[in-house]
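Have the structure open as you read.

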Amino acid sequence: MKIGVVSDTHLPRSAKALPQALVEEFRQVDQILHLGDWVAMEIYDLLAELAPVEGIAGNNDGPEIIRRFGEQKIVTLGGVRIGLIHGHAPYSRKGTDGNALLAFEGEEVDCILFGHSHQPLMRRENGVLLFNPGSPTDKRREKQYSFGILDIEDGKISARHVFYDSRE
């Protein structure tokens, strides 16, 4: 199973449309997971044209998105339990990845996906994969725009970032 992972699209403020690199890659995925800061429900519609979409709301999302998706959840895909959170909640002072870990403390998860910082991150902690895809439209201080791909095979999960230079 191939899963597209995206966060912090911030459309239409940061870009007018989804970047072509993301669209091309997400046409080939089985599922898309959005980790918040959609900003507009139209982003769901654009992504849903490419593959089924699940997600959570972020700190820049309004009531409609919060009602539709909630702010934290666990999904099971390909036999893998994946925690979804934006990462902005004030759980700790250990950064966004620390917030994400604390949000799922005591939960049985194989992977925690989060956004908020716009900084790509991939590491394992106590056997749990922590993954932030970065942002496809608002790289801030990062060198490149990015999103992520998860591959699940035989109950094992692997991840990679896709980096590119133009948000067009």
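Q: What do the buried residues of α4 pack against?
A: They pack against β4, β5, β6, β7 and β8, where a contact means heavy atoms within 4.5 Å. The buried residues in question are Thr96, Asp97, Gly98, Asn99, Ala100 and Ala103. Buried here means under 20% relative accessible area, exposed means over 50%, and partly exposed is in between (1.4 Å probe, protein chains only).

Q: What should I know about the model and its numbering before going on?
A: This is a predicted model, where local features need pLDDT of at least 70, side-chain atom pairs count only at pLDDT 80 or more, and totals for chains, interfaces and linings use all residues. Residues are numbered from 1 along each chain as its sequence is written, and side-chain values use heavy atoms, with hydrogens and water left out.

Q: How is α4 placed on the strands?
A: Helix α4 (residues 95–103) lies across β4, β5, β6, β7 and β8 (128–132) and runs at about 45° to β7. Helices (H or I, at least four residues) and strands (E, at least two) are DSSP runs, numbered from the N terminus. Axes are lines fitted to C-alpha atoms, for helices over the stretch in contact, and angles run from 0 to 180 degrees between N-to-C directions.

Q: What makes β4 and β7 the edge strands?
A: The open sheet has five strands in the order β4-β5-β6-β8-β7, with mixed pairing. β4 (72–77) and β7 (121–125) each pair on one side only. From one strand to the next, the twist averages 20°.

Q: How do you know that β5 and β6 pair?
A: Two strands pair if DSSP finds at least two bridges between them. β5 (residues 80–85) and β6 (residues 111–113) have three bridges, in the parallel sense, so they pass that rule. As an example, Ile82 has Cys111 in β6 as its bridge partner.

Q: Which sense do β9 and β10 pair in?
A: Antiparallel: β9 (residues 145–153) and β10 (residues 156–164) pair over nine bridges. Asp151 stands opposite Ser158 in β10. In their hairpin, with two residues between the strands, Asp154 takes a positive phi near 55°.

Q: Why is the Lys73 and Glu54 pair called a salt bridge?
A: The rule asks for a side-chain nitrogen of Lys or Arg within 4 Å of a carboxyl oxygen of Asp or Glu. For Lys73 and Glu54 the closest N and O atoms are 2.6 Å apart, so the pair qualifies. Lys73 lies in β4 and Glu54 in β3 (residues 53–55), so the pair ties together parts that are 19 residues apart in sequence.

Q: Buried or partly exposed: what are Lys73 and Glu54 called?
A: Lys73 has 19% relative accessibility, so it counts as buried. Glu54 has a relative accessible area of 24%, so it is partly exposed.

Q: How many salt bridges does the rule give?
A: The count comes to six. Among them is Glu125 with Arg123, at 2.3 Å from N to O. Lys2, Glu25 and Arg160 are linked in a network of salt bridges.

Q: Why is Phe114 called buried?
A: Its relative accessibility is 1%, so Phe114 counts as buried. Phe114 sits in the loop between β6 and β7. Not counting residues up to four places away in sequence, Phe114 touches residues including Leu35, Ile85, Thr96, Ala100 and Leu130.
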